Amino acid sequence: MSERSMASEKAQTNETATLTDNQTGESLTLPVLHPTIGPRVIDIRRLYAEMGMFTYDPGFTSTASCESDITFIDGEEGVLLHRGYSIEDLAEKSDFLEVCYLLLYDKLPNKQQKVDFENTITLHTMLHEQMTSFFRGFRRDAHPMAIMVGVVGAMSAFYHDSTDINDPYQRMVASHRLIAKMPTISAMAYKYSIGQPFVYPRNDLSYAENFLHMMFSVPCEEYKVSPTLAKAMDRIFILHADHEQNASTSTVRLAGSSGANPFACIAAGIASLWGPAHGGANEAVLTMLQEIGSKERIPEFIKRAKDKDDPFRLMGFGHRVYKNYDPRASVLRQSAHDVLDELGKRDEPLLELAMELERIALEDEYFTDKKLFPNVDFYSGIILQAMGFPTSMFTVLFALARTVGWIAQWREMIEDPVQKIGRPRQLYTGEPKRPYVPIEERS
Ligand code: SDX
């Protein structure tokens with residue numbers, strides 16, 4: 001195979017797997033690729049050319065769409081690594097901008113690199129002033145995710161000097177601009193929805209402090225950022241930063257594979273994340289808890305979640321990959337207690353209700369047999385609501401944090417010599433060719 005079409009050297013092995021078509025007796029021997037950790041991979045790229053067959057894998061449950069060095073997940077063991085560092089270590093010992101550096105540059109920064117990166121991001125936090133007009137085109141009651149999709153996509157109309165995907169420098173500047181401006185745009189979407197003036201970023205505040213300041217300060221009085229809330233916010237950003245080839249990251253990669261500019265790709269990722277089965281689940285969890293209302297009604301909703309004829313699902317439970325506890329949920333569960341204690345909301349009824357719902361669900365074999373454990377979205381909404389965020393902003397915060405993961409994966413895809421435009425095939429079960437019927441002859 002040509003250099004361009006091989007997976008990386010470190011994945012190459014002499015191992016093979018053979019596929020036999022029992023219909024024709026034909027066999028095809030395919031290369032097996034080795035990961036650093038995780039399942040081995042069968043390279044099936046020659047399958048159609050040599051056997052005239054496709055594989056069928058709706059939802060990509062058994063399909064590796066790319067080779068990546070960024071994030072590793074072990075669903076059975078509940079492991080999440082970013083460039084080899086565990087999410088537990090990063091959540092406890094790192095900060096969000098350091099994790100951004102790690103995801104972008106494959107190593108933890110030294111002191112000077114960290115200072116320089118923080119300065120770079122800080123100096124990109126302002127938004128082109130003319131972009132503020134976009135917000136006024138939305139109804140005040142527009143969902144903030146609708147605003148995010150529109151305004152982030154529109155960045156490609158303003159930052160022309162960082163849209164050339166073939167220029168490594170422009171790819172880097174686009175990455176920095178997106179990481180830096182997402183908090184500013186997110187806070188503006190919120191301020192617009194409540195009719196308050198936009199708050200400009202401040203260069204003397206940390207990333208999380210700046211975001212809280214842009215969200216909750218008003219021109220009429222001094223706003224003091226709580227260090228505890230800033231730390232909790234920073235930790236929540238870390239926990240949502242990247243997550244392998246999830247639906248929105250795959251959307252960004254697929255959009256990027258056509259050569260679309262980075263701002264358009266990230267807008268596509270925001271749109272995909274919005275779905276309640278994905279990043280929209282944190283908002284759906286709060287809505288569900290408010291609908292359950294009391295511990296007495298939990299059995300009624302557990303029953304509905306198990307009923308095949310009822311579309312209701314227990315939001316914040318289950319995961320395509322984690323068939324054990326989502327390690328991010330464990331960290332968030334502890335953070336929920338810390339933040340609510342700090343805010344003097346220890347007896348927050350929603351947290352009590354969530355804990356009781358979790359206890360009952362995990363004693364029910366429907367959930368344990370199907371390995372449906374709480375995921376990252378189950379506790380995040382409770383913390384965010386306690387911090388003062390409206391439910392409609394929960395997925396915006398997820399998108400804010402996930403932007404670094406999306407852009408790191410997008411850059412990896414652009415720089416991967418093997419990648420080409422993504423274009424899956426299908427199992428066609430429609431009508432075979434048939435003649436056109438004139439309208440006079442139709443029944
Ligand atoms: C995120 O991919 C990622 O990494 C995503 C994410 C990230 O960081 O990017 O981790 C973020 O999206 C977390 C997931 C948030 N979504 C929710 O909390 C919504 C509720 N969860 C479900 O919609 C569901 O669990 C999914 C979408 C998360 C996973 O769906 P799968 O892997 O396609 O599993 P499935 O739908 O095939 O379910 C398997 C079985 C089914 O029953 P059977 O048909 O086998 O009898 O489990 C049932 C499902 O009906 N099931 C649930 C359930 N989730 C799955 N039943 C009740 N409540 C649920 N929550």
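**Pocket, ligand and salt bridges**

Modeller: By class, the lining of the second largest pocket has ten nonpolar, five polar and five charged residues. Here Ala, Val, Leu, Ile, Met, Phe, Trp, Tyr, Cys and Pro count as nonpolar, Asp, Glu, Lys and Arg as charged, and the others, Gly among them, as polar. This is a predicted model, in which local features need pLDDT of at least 70, side-chain atom pairs count only at pLDDT 80 or more, and totals for chains, interfaces and linings use all residues. Residues are numbered from 1 along each chain as its sequence is written, and side-chain values use heavy atoms, with hydrogens and water left out.

Biologist: Which residues lie nearest the centre of that second largest pocket?

Modeller: L97, L205, S206, Y207 and A208 do, out of 20 lining residues. A pocket is an open set of points on a 1 Å grid over the protein atoms alone, where a 1.4 Å probe fits, with protein on both sides within 12 Å along at least five of seven lines; lining residues have an atom within 4 Å of a point.

Biologist: Which helix gives the most to the lining of the second largest pocket?

Modeller: That is α4, with five residues. Helices are DSSP runs (H or I, at least four residues) and strands likewise (E, at least two), numbered from the N terminus.

Biologist: Now the ligand. Which residues come nearest?

Modeller: H243, G316, H319, R328 and R402, of the 24 residues around the ligand (a heavy atom within 4 Å).

Biologist: What lies 2.9 Å from a nitrogen atom of the ligand?

Modeller: A backbone N or O atom of A277 does, and a backbone N or O atom of F317 also lies 2.9 Å from a ligand nitrogen.

Biologist: How many salt bridges does the structure hold?

Modeller: There are 21 (a side-chain nitrogen of Lys or Arg within 4 Å of a carboxyl oxygen of Asp or Glu). One of them joins the side chains of K10 and D69 at 3.6 Å, N to O. K10 lies in the segment before β1 (16-20) and D69 in the loop between α1 (47-51) and β4 (71-74), so the pair ties together parts that are 59 residues apart in sequence.

Definitions and conventions
Polar contact = N/O pair within 3.5 Å; in protein donor to acceptor, adjacent residues only side chain to side chain.
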